[in-house]
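The structure is shown first.

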Amino acid sequence: MLMFPSFVDAHSARRSLVWALPLCKKSSFSSVVAVFASTFAASVAAQSSVTISGKIEASLDHLSMKSAAGLKRTVRSVSSDSSRLIFEGTEELGGGLRAKFKLDQAFSADTGALGFGGVALGREAFVGLAGRFGELRLGRNYIPMDDLAAPLDPFYFTGVGAAWPMTFFVPRINNSVKYISPRVNGLQLRGLMSPSEGVTGASFNGLGASYTDSRFDAHLAYTLQKDGAPTGNRKELLLGGAIKFDGPRLTALYVQRDDPGVPKRSTALVGVNLPSGVGELRASYILERQAGAKARKLSAQYVHSLSKRTAVYTGIARLDNNAGFAETINPALPRLANGEDVTAFQVGIRHNF
């Protein structure tokens with residue numbers, strides 16, 4: 001991680017120092033030091049900073065697939081599903097108010113290509129203000145439902161065990177305004193609104209609430225997307241939580257989509273994180289349903305930290321699709337046909353910077 005401070009009042013600082021130099025002839029050395037110190041403090045009080053950070057992740061994957069007709073195929077690949085380059089900045093505006101921005105670019109470490117089909121800054125791009133009132137962001141934002149779902153996935157939405165390919169909601173929204181409240185007595189609220197941008201009737205609205213303490217987390221989120229489905233408005237609901245045991249934790253998550261005239265679609269997850277020394281064992285079971293169709297996924301992963309920033313991991317996942325689903329282990333890996341099952345084995349390395 002690199003940080004670049006910059007003083008926005010550098011001209012005033014130089015002017016003060018020039019004024020202070022003649023005092024050397026009439027004042028004690030300690031007085032001059034005091035002038036220099038106060039001048040530097042004034043500059044620091046009005047400073048801004050830019051941070052460059054990110055993550056590079058790559059894995060070797062082995063997939064064994066079997067179609068509904070019994071045909072088998074095997075794929076081996078090197079993939080990268082969560083590498084990113086992040087630019088973040090803040091400026092202290094005084095009175096506890098600060099400006100901030102974030103630019104988050106996804107890329108594939110195995111090919112060097114940009115993520116999200118080449119969309120620049122596809123993960124996140126916003127500018128906003130933060131203070132005692134909370135935080136206000138404008139730009140391309142994660143929706144409240146994604147904010148609250150990701151921490152409840154034992155795999156944190158990465159690797160062969162990631163839950164997000166089976167949660168079906170749209171994680172980010174362009175042209176949006178997002179508000180995050182301060183956390184008060186463990187409770188935090190968040191909301192997002194995206195206007196129609198000229199499309200008659202179309203808009204996206206999301207709300208979320210979370211409560212956390214040392215032993216328990218509870219998450220609730222709701223979205224309403226007007227004209228989000230061919231038959232009308234799309235509604236989505238998330239319920240979830242975690243029980244914590246001084247390191248180990250149990251998680252549960254339920255997501256439901258309701259489109260008019262279509263059977264409701266739902267995903268349920270139960271998971272566990274078991275830290276042990278410099279390693280952690282992660283496991284989850286996911287069940288997705290719509291009418292009579294089902295997809296089931298059982299996953300396990302071990303992550304071993306080599307340092308605070310570098311880790312190696314290995315994982316295995318089994319995904320069963322019946323005739324109504326063609327879910328995939330991860331979009332970074334080969335897609336599956338309708339009703340095709342897959343067993344995936346993965347070994348990888350992750351470095352944060």
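A residue is called buried here when its relative accessible area is under 20%. Lys178, with a relative accessible area of 1%, is therefore buried. The model is a predicted one, and the values below are computed from it.

**Salt bridges**

Across the whole structure, a search finds 19 salt bridges.

| Pair | N to O distance |
|---|---|
| Arg137 and Glu135 | 2.5 Å |
| Asp147 and Lys178 | 2.6 Å |
| Arg257 and Glu236 | 2.8 Å |

The side chain of Lys178 meets that of Asp147 in a salt bridge. Because Asp147 lies in helix H3 (residues 144-149) and Lys178 in strand E8 (residues 172-180), the pair ties together parts that are 31 residues apart in sequence.

Arg257 forms a salt bridge with Glu236. This pair also links distant parts of the chain, with Arg257 in strand E13 (residues 249-258) and Glu236 in strand E12 (residues 232-244), 21 residues apart. Are the two partners buried or exposed? Arg257 is buried, at a relative accessible area of 11%, and Glu236 is buried as well, at 4%.

Arg137 and Glu135 are joined by a salt bridge between their side chains. Arg137 has 13% relative accessibility and so counts as buried; Glu135, at 11%, also counts as buried. Both residues belong to a network of salt bridges that links Lys100, Lys102, Glu124, Glu135 and Arg137.

**Nonpolar core**

In soluble globular proteins, nonpolar side chains tend to be buried together. In this model the largest nonpolar core has 34 residues. Which residues have the most contacts inside this core? They are Leu63, Met145, Leu238, Leu253, Val255, Ile329 and Val342. The elements that give two or more residues to the core are strand E2 (47-66), H3, E12, E13, strand E16 (293-305), strand E17 (310-321) and strand E18 (341-352). H3 supplies the largest share, three residues.

Leu238 gives a local view of the packing. Leaving aside residues up to four places away in sequence, Leu238 touches Met145, Leu148, Ala149, His219, Leu220, Ala221, Leu253, Tyr254 and Val255. Among these neighbours, Met145, Leu253 and Val255 are also listed with Leu238 as having the most contacts inside the core.

H3 holds Asp147 of the pair with Lys178 and gives three residues to the core.

Key: Residues are numbered from 1 along each chain as its sequence is written. This is a predicted model: local features need pLDDT of at least 70, side-chain atom pairs count only at pLDDT 80 or more; totals for chains, interfaces and linings use all residues. Side-chain values use heavy atoms; hydrogens and water are left out. A salt bridge is a side-chain nitrogen of Lys or Arg within 4 Å of a carboxyl oxygen of Asp or Glu. Buried means under 20% relative accessible area, exposed over 50%, partly exposed in between (1.4 Å probe, protein chains only). Helices (H or I, at least four residues) and strands (E, at least two) are DSSP runs, numbered from the N terminus. A nonpolar core is a set of buried Ala, Val, Leu, Ile, Met, Phe, Trp, Tyr and Cys residues joined through side-chain atoms within 4.5 Å. Contact means heavy atoms within 4.5 Å.
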